[in-house]
Amino acid sequence: MDREDLVKNVLKDGSIAAKSIVPEGEVKQADGQDFNAGVGDGLAYNPTQAKADFAKAQQELGKKTINLEIVTADTDAYKQVGEYLQGQLEKQLPGLKVTIKTEPLSQEVNTFSSGNFQTLTMGWSTDYPDPIDYLNIAADGGTINFTKWHNAEYQKLIDQINDTDHQTAAQRVVLQQKAAKLLNAEQGVTPLYQYASVHLRSTDLKGLEYPLIGYQRYEYVSWK
C-alpha cells in the first residue's frame with residue numbers, strides 16, 4: 001500500500017505513514033534516533049513486487065480471480081481506509097476482488113474473537129512506553145492475535161525481549177527492532193498508519209501538552 005498517499009490524500013488529519021508496528025516517537029535507540037530508524041524500509045511502497053507476489057498466489061491456488069473480504073469498523077475513518085484499500089488493491093492487482101464489510105465495534109470484536117473473517121482492520125494504543133506492547137500483537141498467546149499467526153523466529157525474539165534480566169536497555173531495543181523488522185518482512189501484521197488526534201486550542205494557553213502516551217494534564221495549564 002502507498003501509505004503516504006493514504007495519510008496525505010485520504011485521511012488528511014495529521015496521521016503519518018507507518019514504518020513498523022511500533023509508532024514513531026515512542027522509543028529511541030542508543031544514538032538518539034527514533035526506534036524505527038533501525039527497522040529499515042520493509043513497508044516501502046512496491047507495486048511491482050506486489051504484482052509478482054499476487055501472481056504466485058494465483059498460481060498456487062490455481063485461480064485467476066481471488067475474492068477477499070476486509071472487515072472494518074463502521075466509523076468514518078475506517079470506512080475511508082477500507083474504501084482506499086479496496087480501490088488500490090483492485091487497481092494494482094487485476095484478478096483480486098475486494099469486498100468491504102463494516103460492523104459496529106461490539107459486533108466487530110465478536111467477529112475477530114471467533115476467527116470468522118479473512119482480513120481485518122483495527123487500531124491499538126498503549127499506556128506505557130515500551131514497544132513490546134505493540135510487538136505482542138503478533139506473539140503467541142497475544143490477546144489480540146486474532147489470526148493466530150505464528151513464526152518461530154519471531155516468538156524466539158519475543159521471549160528474549162521479555163527476559164529482561166539478561167540484557168541491557170540498549171540491547172533490548174535492538175532485539176525489539178529485529179522483531180519489528182521481521183514482522184514487516186513476514187506481514188504477520190500489516191501496519192498502515194499512525195493515527196493523530198487533532199485539537200483546536202488558543203495560542204494564549206501555556207503548559208498544555210498532548211503526549212504520545214497518556215493524557216493531557218490540565219492542572220498544569222495557565223493563560224499567558
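A helix here is a DSSP run of H or I that is at least four residues long. Keep that in mind as you work through this predicted model.

**Exercise 1.** Find the helix that holds Gln58, then decide whether Gln58 is buried or exposed.

*Solution.* Start with the location: Gln58 sits in helix α2, which covers residues 47-61. Next, check the cut-off: buried means under 20% relative accessible area. Gln58 has 19% relative accessibility, so it counts as buried. Now look at who touches it. Skipping neighbours within four places in sequence, Gln58 is in contact with Lys63, Lys64, Ile66, Pro94 and Gly95.

**Exercise 2.** Work out how α1 and α3 are oriented to each other, and which residues make the contact.

*Solution.* Grab the numbers: α1 (residues 3-11) and α3 (residues 76-92) pack at an angle of about 125°, and their axes are 11 Å apart. Angles of 65 to 115 degrees count as roughly perpendicular and those over 145 as roughly antiparallel. That's why α1 and α3 are called oblique to each other. Their crossing is right-handed. On the α1 side, the contact uses Asp5, Leu6, Val10 and Leu11, while α3 brings Ala77, Gln80, Val81 and Tyr84. Sort these by class and you get six nonpolar residues, one polar and one charged.

Technical notes
Residues numbered from 1 in each chain as written. Predicted model: local features only at pLDDT ≥ 70, side-chain atom pairs only at ≥ 80, totals over all residues. Heavy atoms only, no water. Axes fitted to C-alpha atoms, helices over the stretch in contact; angles between N-to-C directions. Helix = DSSP H or I, 4+ residues; strand = E, 2+ residues; numbered from the N terminus. Parallel < 35°, antiparallel > 145°, perpendicular 65-115°, else oblique. Left-handed = near helix turned anticlockwise from the far one by under 90°. Contact = heavy atoms within 4.5 Å. Nonpolar A, V, L, I, M, F, W, Y, C, P; charged D, E, K, R; others polar. Buried < 20%, exposed > 50% of the residue type's maximum accessible area, 1.4 Å probe, protein only.
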